[in-house]
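Here is a friendly briefing to read with the structure open beside you. Take it topic by topic, and follow the residue names as you go.

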Amino acid sequence: MLRGHQSWVFENRPMITATGVTGGPFEANGKLANDFDLLYEDLWMGKESYEKAHSLLLEEAMKMALKKGNVQKEQVQFLFAGDLINQITPTSFAARTLQIPYFGLFGACSTSMEGLALSSFVVNNQGAKYVLTGASSHNAAVEKQFRYPTEYGGQKPPTAQWTITGAGVALVQPNEPGKQHPVTTSATIGKVVDMGLTDPFNMGGAMAPAAADTIIAHFRDMKLEPSYYDLIVTGDLGRVGHDTAFELLNKSGLELERGQFQDCGLLMYKNDQPVQSGGSGAGCSATVLYGHLLNQLKKGAYRRILVVATGALLSPLSFQQNESIPCIAHAVAIEMNE
Amino acid sequence: MITRYQILFACLFLLAACNHNPPVRDSQLALMKTTNPKPLVTDQNKSNDSVKEIKKDVSSFPELYDVAVIKGKKDTLVVYKVKHLYRFKMKKIEKNVNKKLEKKYPKENFTVSSDYKIFLEAIRLDEQMKSAKFSHKEAEKRLKDIVKMTDKTK
Amino acid sequence: MPTTKQKNTTPQQRNYQQLQQKHEIKRPVLKNCLKAFFVGGFICVIGQAVSYFYIYFFDFTEQSVGNPTVATMVFFSMLLTGFGVYDRLGQFAGAGSAVPVTGFGNAVISAAIEHRTEGFVLGVGGNMFKLAGSVILFGVFSAFVVALIKTLLVIWGVL
């Protein structure tokens with residue numbers, strides 16, 4: 001049901017019954033290694049190309065979610081997923097393997113929440129019994145496309161971010177009262193915000209206003225106070241973008257606590273890992289949410305969280321042509337079922 | 001991490017092992033230190049007074065250090081090292097040396113070079129000539145080869 | 001370090017960019033310069049050692065030793081790139097490892113490795129000089145311009 005200008009309220013409270021989270025070697029050394037279902041010890045994952053490994057990551061995450069949810073793939077109506085590679089081939093190839101009716105999404109790193117919002121909406125309105133949604137990224141495949149070759153010895157500035165290798169997939173189905181699963185309660189779809197930043201090594205700075213814009217819109221549409229959520233977590237703003245977004249939000253009159261406002265890209269890695277400003281990539285918010293944060297919810301560490309995945313909608317071509325970096329953010333509110 | 005340090009130590013020991021070769025000949029270090037070789041004449045029957053004179057003349061240039069002179073039948077090879085700060089002016093120095101020598105010894109046919117390689121070969125020739133087996137003919141031939149080599153450096 | 005172009009921006013964008021600049025982590029320029037100086041210097045010391053090696057054991061003079069030395073250094077950097085060491089060195093040293101010829105070797109071979117999965121002809125062949133191509137193009141072009149100027153100066157009798 002539409003509420004306000006750009007938000008949905010899911011009054012039937014769709015459940016996230018199972019998740020599958022896979023990651024690569026770098027994530028295995030990170031802070032959240034225990035929240036992954038499957039970790040690969042090398043980037044090739046036994047495949048002959050990084051793109052195939054990318055597909056495999058998502059495929060395995062989807063199979064994991066289906067297995068944990070005790071659902072056959074034939075029972076699943078729709079798949080909402082996407083990634084960062086040209087024409088989102090890794091996701092489409094994984095969908096080819098699983099043979100689930102498929103919506104390919106592209107929202108850059110915001111794909112995870114775009115998918116979760118859409119699947120919640122479909123399930124909420126009796127459009128499906130089971131929906132899979134997810135997002136993935138593969139460090140080497142993405143860096144190859146957007147930046148320099150992986151082995152190229154260029155120096156990255158401290159504002160740069162590390163594309164994570166990982167896939168996070170969630171199985172969304174209609175609410176069954178009494179079952180202890182996280183549920184989605186509302187979502188806010190963001191608009192594209194462009195503040196004219198052009199440095200592809202400072203995505204956090206470019207994405208921060210989009211995150212702030214969506215968060216402000218969410219509280220306006222839902223008529224809520226920030227204290228309603230125990231945790232507001234942004235997708236992959238990194239150190240630079242996260243600080244900027246925090247200041248933007250406080251300037252706009254929303255009173256956030258510092259501890260209440262976190263970032264998936266900063267949660268993922270240890271401080272001594274060479275990720276510069278933090279993690280990024282479509283898989284970043286997906287793996288952190290479907291792995292770590294939902295586990296925390298189940299443990300009762302948080303009651304309600306708002307996940308704001310941010311995406312930078314640039315292409316390698318557009319920034320070489322000196323276009324600025326337009327950005328977007330989508331927010332989904334998640335809490336435990338009563 | 002431990003293995004990395006072990007490898008490092010192993011390398012250091014291997015490198016240190018090289019120091020045990022006792023006789024260090026001049027030519028081995030000719031590029032690093034000043035060797036100051038004696039001026040030579042391939043034909044040892046001739047006196048080397050004129051060559052000594054040449055060496056003195058060339059050494060008088062303040063930009064240079066370490067001069068080697070070898071006089072053959074036809075050619076006279078003059079090799080020197082240029083002090084580091086003057087290496088940008090190497091061409092000019094070479095011209096000056098040439099001018100000075102040709103003025104003073106118009107009969108001689110000089111080959112002037114500042115190349116380390118030529119210097120090294122000059123020292124090696126010096127060492128070879130000290131051994132008895134090395135005949136004048138061979139020395140003369142080697143000198144010609146070295147002179148030929150300088151053509152490539154120009 | 002200005003990261004944005006100032007033209008064609010609305011006041012709102014400019015305001016934000018100022019706010020953003022405040023949070024931007026600056027490059028530690030002095031530290032980077034020092035690191036680049038020492039690593040770059042170290043690479044050059046190795047290069048010097050290699051050229052002495054060729055002078056000692058082969059018939060190369062100081063003038064002609066350049067080519068084999070460059071080839072050897074590029075070969076070393078290719079090995080290091082292949083073993084995945086050079087990009088780490090690059091992150092540490094920045095210009096120190098990019099400016100010497102080893103950086104050129106790294107640019108070529110990293111692109112070749114990267115596109116190996118697309119086949120030898122269109123992948124490796126087509127993309128090998130993706131990064132290094134501009135170095136070659138502008139290197140050759142600037143050499144041409146300098147040579148042209150010198151030739152003209154010689155003809156006019158200035159030099």
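**Strands and sheets**

Gly311(A) has Ile328(A), in β15(A), as its bridge partner. This is a predicted model, in which local features need pLDDT of at least 70 and side-chain atom pairs count only at pLDDT 80 or more, while totals for chains, interfaces and linings use all residues. Residues are numbered from 1 along each chain as its sequence is written, and chains are lettered from A and ligands numbered from 1 in the order in which they are written.

A few terms first:

- Helices (H or I, at least four residues) and strands (E, at least two) are DSSP runs, numbered from the N terminus.
- Two strands pair if DSSP finds at least two bridges between them.
- Residues are in contact if their C-beta atoms, placed from the backbone, lie within 7 Å.
- A residue is buried if 20 or more other C-beta atoms lie within 10 Å of its own, exposed if 12 or fewer, and partly exposed in between, with C-beta atoms placed from the backbone.

**Around β14 of chain A**

- β14(A) pairs with β15(A) in the antiparallel sense over nine bridges.
- Strand β11 (residues 231–234) of chain A runs parallel to β14(A), and four bridges join them.
- Within β14(A), Ile305(A) is the residue opposite Leu231(A).
- Strand β14 (residues 304–312) of chain A is mostly covered, with eight of its nine residues buried.
- As background, strands of a sheet pair through backbone hydrogen bonds, either parallel or antiparallel.

**The sheet of chain B**

- Chain B has an open sheet of four strands with mixed pairing, in the order β1-β2-β3-β4.
- Its edge strands, each pairing on one side only, are β1 (40–41) and β4 (109–113) of chain B.
- Strand β3 (residues 75–82) of chain B pairs with β4(B) in the parallel sense over five bridges.
- Thr76(B) has Phe110(B), in β4(B), as its bridge partner.
- Helix α3 (residues 49–59) of chain B packs on the sheet and touches β1, β2 (64–71) and β3 of chain B. Its direction makes about 155° with that of β2(B); axes are lines fitted to C-alpha atoms, for helices over the stretch in contact, and angles run from 0 to 180 degrees between N-to-C directions.
- Helix α4 (residues 90–104) of chain B lies across β3 and β4 of chain B, at about 160° to β4(B).

**Domains of chain A**

- Chain A is divided into domain 1 (2–173) and domain 2 (182–336), with bounds from an automatic or database domain assignment.
- The centres of domain 1 and domain 2 of chain A, taken over C-alpha atoms, are 17 Å apart.
- Domain 1 of chain A brings 57 residues to the contact, and domain 2 of chain A brings 60 residues.
- On the side of domain 1 of chain A that touches domain 2 of chain A, α4(A) supplies the largest share, seven residues.
- That side of domain 1 of chain A divides into 26 nonpolar, 23 polar and eight charged residues. Here Ala, Val, Leu, Ile, Met, Phe, Trp, Tyr, Cys and Pro count as nonpolar, Asp, Glu, Lys and Arg as charged, and the others, Gly among them, as polar.

**Nonpolar cores**

- A nonpolar core is a set of buried Ala, Val, Leu, Ile, Met, Phe, Trp, Tyr and Cys residues joined through C-beta atoms within 7 Å.
- The largest has 105 residues, and Ala65(A), Ala211(A), Val307(A) and Val308(A) have the most contacts inside it.
- Helix α2 (residues 50–69) of chain A gives the most to this core, ten residues.
- Both domain 1 (2–173) and domain 2 (182–336) of chain A give residues to this core, so it lies between them.
- Leaving aside neighbours within four places in sequence, Ala65(A) has contacts that include Ala18(A), Leu132(A) and Val169(A).
- A second, separate core of 29 residues includes Val69(B), Tyr80(B), Phe119(B) and Ile123(B).

**Between chains**

- Of the two pairs of chains that touch, chains A and C have the most contacts.
- In that pair, 31 residues of chain A are in contact with 32 residues of chain C.
- α7(A) gives the largest share of the side of chain A that touches chain C, five residues.
- Chain A and chain B do not touch, and their nearest C-alpha atoms are 16 Å apart.

**Positive phi**

- Asn322(A) is not a glycine, yet has a positive phi of about 65°; Asn322(A) is exposed, with 8 other C-beta atoms within 10 Å.
- Asp66(B), in strand β2 of chain B, has a positive phi of about 60° although it is not a glycine.
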